[in-house]
Amino acid sequence: MRKRLGMITPSSNSVLEPVTSAMLHGVPDVTAHFSRFRVTEIALDTAALNQFDASVMLPASDLLADAKVDAIAWNGTSASWLGIGRDRSLCEAITARTSVPATTSTLACIDAARALGAERVGLVSPYTDDVQRRIGDVWATDGIVPHAERHLGLRDNFSFGEVPPATIADMIRAVAADGADAIVILCTNLDGAALAASLERELNVAVLDSVAVTLWRTLALAGGDVTTLASWGRIFQTPAVNQ
């Protein structure tokens, strides 16, 4: 039975749509559908934080519901610095107005780390120093204290999509060398999904790309078979658990 997956997408993100489509290429009867709202920078000032107000995000879910999708994901990591409760409330609001189950990238990343039994979670991101520190604090309040991290100090969201995969791979290797047993690529505009499987073999750690785990969690929420994507990394050999 066909599964339609709805993805709410930051307007300046150039990675998650082609990566999601590439991952689903050859997977029968699963399609992804995208709805955008404006996001141009990641920072902690009021204007940047207000980009993620539910009042501008929920209309995007309404448009996806018109396509009769089976699950909806906010395909962004903003709750990692705004607070995990923001995403849980957003999911409840999406479902209340569309009757469609919902998840987010941040919830999916946390769910994936727990599903794999990770004890030392490392974070790789493009963000600035203050955003990265806030992420560490927010994740700690949800029971995951980052073991190690690397970040690039970038603010402009479009620029994240221009980071070469080799740079992302070097950051992952550095965090693995610091002793992490699972590494989250925390940004849906970093082109890291295609690196996961090979780096898992090289480093013997789980590599959890935000775009990939959002697809993992959304497909499971829609009642699909995540093992059809097993070639993209360990997480696709692992059932998603209820959030």
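Author: Strand E5 (residues 121-125) and strand E7 (residues 182-185) run parallel and are joined by four bridges. Across this pairing, Val124 stands opposite Ile185 of E7. Strands (E, at least two residues) and helices (H or I, at least four) are DSSP runs numbered from the N terminus, and strands pair if DSSP finds at least two bridges between them. The model is predicted, so local features need pLDDT of at least 70 and side-chain atom pairs pLDDT 80 or more, while totals for chains, interfaces and linings use all residues. Residues are numbered from 1 along each chain as its sequence is written, and side-chain values use heavy atoms, without hydrogens or water.

E5 and E7 belong to an open sheet of four strands, in the order E6-E5-E7-E8, with parallel pairing. At its edges are strand E6 (148-151) and strand E8 (206-209), each of which pairs on one side only. On average, and with direction ignored, neighbouring strands of this sheet are turned by 15 degrees against each other. Helix H7 (residues 129-141) packs on the sheet, where it touches E5, E6 and E7. The direction of H7 makes about 150 degrees with that of E5. Contact means heavy atoms within 4.5 Å, and angles run from 0 to 180 degrees between N-to-C directions of axes fitted to C-alpha atoms, for helices over the stretch in contact.

Another open sheet has four strands in the order E2-E1-E3-E4, again with parallel pairing. E2 and strand E4 (102-104) stand at its edges with a single partner strand each, so one side of each has no neighbour in the sheet. From one strand to the next, the twist averages 25 degrees. Three bridges pair E4 with strand E3 (residues 71-74) in the parallel sense. Among the residues of this pairing, Ile72 has Ala102 in E4 as its bridge partner.

Helices also pack on this sheet. H1 lies across E2 and strand E1 (3-10), and runs at about 175 degrees to E2. Helix H6 (residues 105-115) touches E3 and E4, and the direction of H6 makes about 80 degrees with that of E4.

H1 also meets another helix. The axes of helix H1 (residues 16-24) and helix H11 (residues 210-221) come within 10 Å and cross at roughly 55 degrees. That angle makes H1 oblique to H11: under 35 degrees counts as roughly parallel, over 145 as roughly antiparallel, 65 to 115 as roughly perpendicular and the rest as oblique. H1 contributes Leu16, Val19, Thr20, Met23 and Leu24 to the contact, and H11 contributes Val211, Ala212 and Leu215. By class, the contact of H1 with H11 has seven nonpolar residues, one polar residue and no charged ones. Ala, Val, Leu, Ile, Met, Phe, Trp, Tyr, Cys and Pro count as nonpolar, Asp, Glu, Lys and Arg as charged, and the others, Gly among them, as polar.

One further helix pair can be described in the same terms. H3 and helix H5 (residues 84-98) have axes that come within 10 Å and cross at roughly 45 degrees. H3 and H5 are therefore oblique to each other. From H3, the contact takes in Ala54, Met57, Leu58, Ser61, Asp62 and Ala65. From H5, Leu90, Ala93, Ile94, Arg97 and Thr98 take part. The residues of the contact of H3 with H5 divide into seven nonpolar, two polar and two charged.
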